[in-house]
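Colleague: I'd like to learn how to read a structure like this one. Could you walk me through it?

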Amino acid sequence: MTIWAFIPLITFLTYLALLILTVPSLERRVNRVFALYLGAAAIWSFASFMLHINLFPEQALYWNELLPAALVWTLLAYYHFIRAYCNKRAGMGVVIGYALVALLLGLSLGGFIVKFAHVENGVLHHDLGVSLYFIGAIALTVVGAGLYQLIRRYRSSPDAIERNRTGYLLAGWSILVIFGYSNLVPAWAGLPLDHFGSLANAVIVAYAIHRYQLLDLKRVLRRGLVYSSLTIIFTAQYLLLLLILQEFFTDWTAQGGLALAALLAVLVALLFNPLRNLIQNWIDRLFYRETYDYRQMLLSLSDQISNVLDLGDVAQSILVPIVEAMHAKQAALLFPQIESGDFDAQFVQQAGKGTTSVKLRFAGDNPIVTWLTTEGKTLRRELIDVIPQLKGLWEKEKAVLDELELALLCPIRSKGRLSGILAVGAKKSGIPYSDEEIDLLMTMANEAAVAIENARMLDSLRIEQLRVKRLLEQVSNTQEEERKRISADLHDSVAQWLAAASYRAQTVNALLSRGGVNDKARDELDAMESTIDKSLKELRRVVIALRPPALEELGLNHALKQSLEELQAVGVECRFSRTGESFRLPLDVEIAVYRVVQEAVNNIRKHAKATQASLHLQYREDRLQVQVRDNGRGFDLSRTLDSAISVGHMGLLGMKERVEALGGDVKIRTSQDGGTLITLSFPIQSPVEEK
Amino acid sequence: MAEIVELLRQGRDEEVWQKCCGFIDLSLQDFMKIQDRLLLEQLELLRRCELGRYIINGAKPGSVEEFREQVPLTVYDDYAPFLLNKRANALPKKPALWQYTSGKSGEYPFRWAPVTAEQLKEIEELLFALLFFSGCKRRNDINFREDDKILYGMAPPPYATGTMARVFPYQLFKFLPPVDEAEKQSFEERMQRGFDLALSEGLDVFLALSSVAVAIGDRFRQQGNKTDLKALLKKPRAIPRLAKGLIKSKLAHRPLLPRDLWSLRGLITFGIDSSIYKEKIRDTWGVEPLEFHGCTEAVLIAMQTWDHEGMTFIPSLNFFEFIPEEESIKSREDFTYQPETLLLDELKPGNYELVITSLHGGPFVRYRLGHLVKITSLRNEKLNIDIPQMVFLSRVDDQIDIAGFTRLSEKTIWQAIENAGLSYEDWTARKEVNGDPRLHLYIELKNNGHVTAGQVASLVHEELKILDAPYAELESFTHLHPLEVTLLPENAFQLYKRRQQASGADLTQLTPPHINPADETINFLVKAAGAATEEAGQMVEA
């Protein structure tokens, strides 16, 4: 065997390995055509290897007859791949080309092309006659067409990554062509130098697959490399050991040889696992270079954070390795606000020192939040412009994503609901995230979900405890105040008046005991009647304030409409509307709705400085929804809630607690000078007809 | 657009399909969410501009319900002070381009409407959707590739269909002739040049007004199998195609038709007559035409999918409201009456007048388009599309009310004439009351001389009875035969066209309206054209 036979052997093995790696991804047309090219190139290399190894000199002519057709087929298959890569149909040219390859093969095997062929010292001596020009012309046409397609594609593509991919293909194709025509140089004719070009092309394509995700084969490539390296090492190791042992023990019997071979196989098998780990490690380091350690950290994340209960620490453990391992510009964790349901970026990690004034925030009804909740998959930025459910995004919402150079949004789900969002910025290199990286992030998000949930639960528990404490105080205070108010009301009016009535009764008694009915006694009786009437009215007012009779007698619609009257009295333009057929709800629910609306109306009257307010009731089959909106000055919800908790003004929180206790839900949306919208909704179980 | 083109070039067909055609897979609930959200975005834009404040008139709707309660329905008059003078600064967003449609008599010569860059982006995706639907057999089936050849037979810019040509991905496909060249040519020149190129280079997609698609077929039929050898020698690349076509037509024993020359992958037609000419177009071109519905103000409203049945509404270009037909009629009889509107998820099958609010910074708010559409079903069972399906019926004011029994639309009358098997140049009709109310049809027959007006009236009357049940009842209840026909002299429509051209009329005003033309138009068609024809005849005799 000469050194020249090694070149096609190496290219054959490389093509074969690439072909095996491509097989799992054959569902894409471009991958299928690429596999076709690899097959053709492998056959070409194998034929060349068989020719140059010259094991059977009498077969030289046969292998040489295969070579011209295999060469043209390889070039044509690569051109076909270029067309598929450019998303063009194969076209008539490719069909004609394949027909010519078949014709060439037929003519060649029929002995019409190669006149003679033999190999001496690894150098091929042959005569193709005039057919050489025919083959050259076909090859030249294919080469020219391929170059034209790639250059056109390169020039027309606005996408930098795409241009890079095309650039690599262009470089590979050029090298393939240059080496392919080495046979025309008399000094090199007969040497398999063209396979150097072919090998270089294969390596460039493999690099483009890895670096620029040419064919989405990176994961396969990484895994495949481990196993193909293992196979090569073990085969070589086994053969070498066998060869050495045979050198020393030449007089072994067949059984002895068999036993030796088996022993060696066991030895090699024992080495399999440690060697595989070593190679996997080596290849991972080769692929991920300086980010390897961070990737390892990400992979062992669940162990690291399982016992961490501080949300800030958990966020740090997640965000820092992501930014470092993925070379991301930034990463952030978003969690939902308890009251509004909006997702806010609460922890941000940036690669550099630069900061951005834009804060990432998704409203609770943002289609992205809905999509992440329902799909539970990572959302790539470019898919936001693709997925139809996200058509409802506003221009300014998209602008924020672009300004932040966001690349990925991973849902963090716990117990089937969205408990957070991991937002990852674009890579510093601008290269998109590979599927493998996205899988890694998703795995990590899933593993982090439990820790995040625990930490958040602890946080909410603390807030909840404080809130309950404040609520209890509030309930106690309210009760005391209410008692005080009722006592004062009764003391200042009814008690005084009834005392007066008692005094008047005594006077009448005295007058009557003096004998006869006189005018004075009648006047006293009239005054007494008037005092008792007044007392009754006041008592009724106090009772009404405790529970409005309109609610029980005339229903929720009427009572709520009535509640707007006090706003109208202070000059706020009010609008009441209703959709759907109204029906009665359980009394405790109606009272809760009434009290919440009363609280909202009080807030508008006291604080909002609104000129307009509206109350809308929507009766649906499954729920009642009430919206109270004003155009007032709004307020800072989170600050108000914080201060409410700390100072004990529990109006808003009181509303929420009251409604949630009955299975309902309150949402408050407010912005400075943008008014306030309070949405209250109750699920309906068994509605009763409205009176 | 570059983005879709790039995705197509990279072979990412699934993403392209989802981006452009994915709206057909939305649930009705998702559809409404998109509508609601984009409406709220639009309301913010309207609040900040002069036109918005003028139209909304102080109201501050913060939800869809409030929007429907507080904002009045509008018509073009409300926008005329802003749009006729192209006051870009008063609009919700700066327009990327302006397009127009011809106004009806007594209104404005043109009704201008702006289109924003964001709307154009949506339109681009929808044009791809139209293209993909026209050539597919199932979901994700994209049958178009770079350099496919497209012939464009619609109006030039600034008509809305011309805007579509500009927006169409001409860098990806090969337009015959190229768009820049085409815009400098007259419609006739453009079509001629396009066909010359198509003969040599092939044709994959034809986008045309339905009348144009039919007229081309008619020309082929009239021409028979005659070929101009001299002309052919100038374009030798056309010879194989022509030879193949001639063989196919000979084998089928009929004149050469476009279907013999090209195997179209997509055919998209537009116009009220699309459904009337559907069969004829399929016979001529060999593929089923895909219809869509749109107009200058709304651009695109709905489009058919690959079953070529009802059209599916588009969620992201306009916010839709619907006035039930009875309410619509009532509001037209009493201008002070504000009809109630329904949203897409509140509809039942039936007839409705369309009301749109432009999204993405467009100017129209609760705008009555005057389009009467029929909701044929609440979903497309066959293709599993969960969005109500529609067909366009007519403009609400393009209907002829006969004795309160029936309202005949342009489409119904046209269909009746077609079904009657008449060979005609063109027609126009109006309601005339001379004692009893009657529908008066003025029609110019081709190769006139063998059919009388009475025969035409009888044929069309019978077809109208089949097509419109209330019309049939009119006769059975009242014994009224409400159709009168006048046969117009030969070339009446041709002379009308020449007169309009001489007076510098716009492209869309070269033919008289089909419904309710003015007295002057009828007088010209009946008398002046008749006199001119007679005069020409006398000159020939002399």
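Predicted model: local features only at pLDDT ≥ 70, side-chain atom pairs only at ≥ 80, totals over all residues.

Colleague: How many residues of chain B are in contact with chain A?

Modeller: On the chain B side there are 29 residues, and they are in contact with 28 residues of chain A. The elements of chain B that give two or more residues to this side are helix H1 (2-9), helix H2 (13-21), helix H3 (28-47) and helix H5 (64-70). H3(B) makes the largest contribution, with six residues. Sorted by class, the side of chain B that touches chain A has 16 charged, seven nonpolar and six polar residues.

Colleague: What are the scores of the model?

Modeller: The model has an ipTM of 0.83 and a pTM of 0.69. For chain B, the average pLDDT is 88, and 93% of the residues score at least 70.

Colleague: Let's take one residue. Why does Cys86(A) count as buried?

Modeller: The idea is to count neighbours: a residue is buried if 20 or more other C-beta atoms lie within 10 Å of its own. Cys86(A) counts as buried because it has 21 C-beta neighbours inside 10 Å. You will find Cys86(A) in the loop between helix H3 (60-85) and helix H4 (91-109) of chain A. Setting aside neighbours within four places in sequence, Cys86(A) is in contact with Gln149(A), Arg153(A) and Arg9(B). Val30(A) is 56 residues from Cys86(A) in sequence, yet their C-alpha atoms are 9.1 Å apart in space.

Colleague: Now sheets. What is the order of the strands in the open sheet of chain A?

Modeller: To read a sheet, follow the pairing from strand to strand. In chain A, six strands form an open sheet in the order S5-S4-S3-S8-S7-S6, with antiparallel pairing. At the edges are strand S5 (361-362) and strand S6 (379-380) of chain A, each pairing on one side only. Helix H13 (residues 367-375) of chain A packs on this sheet and touches S4, S5, S6, S7 and S8 of chain A, with its direction at about 115° to that of S8(A). Helix H12 (residues 311-326) of chain A lies across S3, strand S4 (343-350) and S8 of chain A, at about 150° to S3(A).

Colleague: Which strands are joined to S8(A)?

Modeller: Strand S3 (residues 330-336) of chain A is joined to S8(A) by four bridges, and the two run antiparallel. Within that pair, Ala332(A) is opposite Ala423(A). Strand S7 (residues 406-414) of chain A also runs antiparallel to S8(A), with eight bridges between them. There, Ser414(A) has Arg417(A) as its bridge partner. The hairpin of S7(A) and S8(A) has two residues between the strands, and Lys415(A) takes a positive phi near 50°. As for burial, seven of the nine residues of S8(A) (residues 417-425) are buried.

Colleague: How should I read a helix that has some buried residues?

Modeller: An α-helix has 3.6 residues a turn, so residues three or four places apart point the same way. In helix H15 (residues 278-285) of chain B, the buried residues are Ile281(B), Thr284(B) and Trp285(B). Seen down the axis of H15(B), these fall within an arc of 80°, so they line one face of the helix. They pack against strand S5 (205-209), helix H11 (210-223), helix H14 (258-261) and strand S6 (266-270) of chain B. Just after H15(B) comes Gly286(B), with a positive phi of about 80°.

Colleague: Is S5(B) enclosed or open, and what does S5(B) pair with?

Modeller: S5(B) is largely enclosed by the rest of the structure, because four of its five residues are buried. Strand S3 (residues 149-153) of chain B pairs with S5(B) in the parallel sense over four bridges, with Leu151(B) and Phe206(B) as bridge partners. S5(B) also runs parallel to S6(B), joined by five bridges, and here Leu209(B) is partnered by Phe270(B).

Note on methods. Residues numbered from 1 in each chain as written. Chains lettered and ligands numbered in written order. pLDDT = per-residue confidence, 0-100. Buried ≥ 20, exposed ≤ 12 C-beta atoms within 10 Å, placed from the backbone. Pairing = 2+ DSSP bridges. Contact = placed C-beta atoms within 7 Å. Nonpolar A, V, L, I, M, F, W, Y, C, P; charged D, E, K, R; others polar. Axes fitted to C-alpha atoms, helices over the stretch in contact; angles between N-to-C directions. Arc of directions from axis to C-beta.
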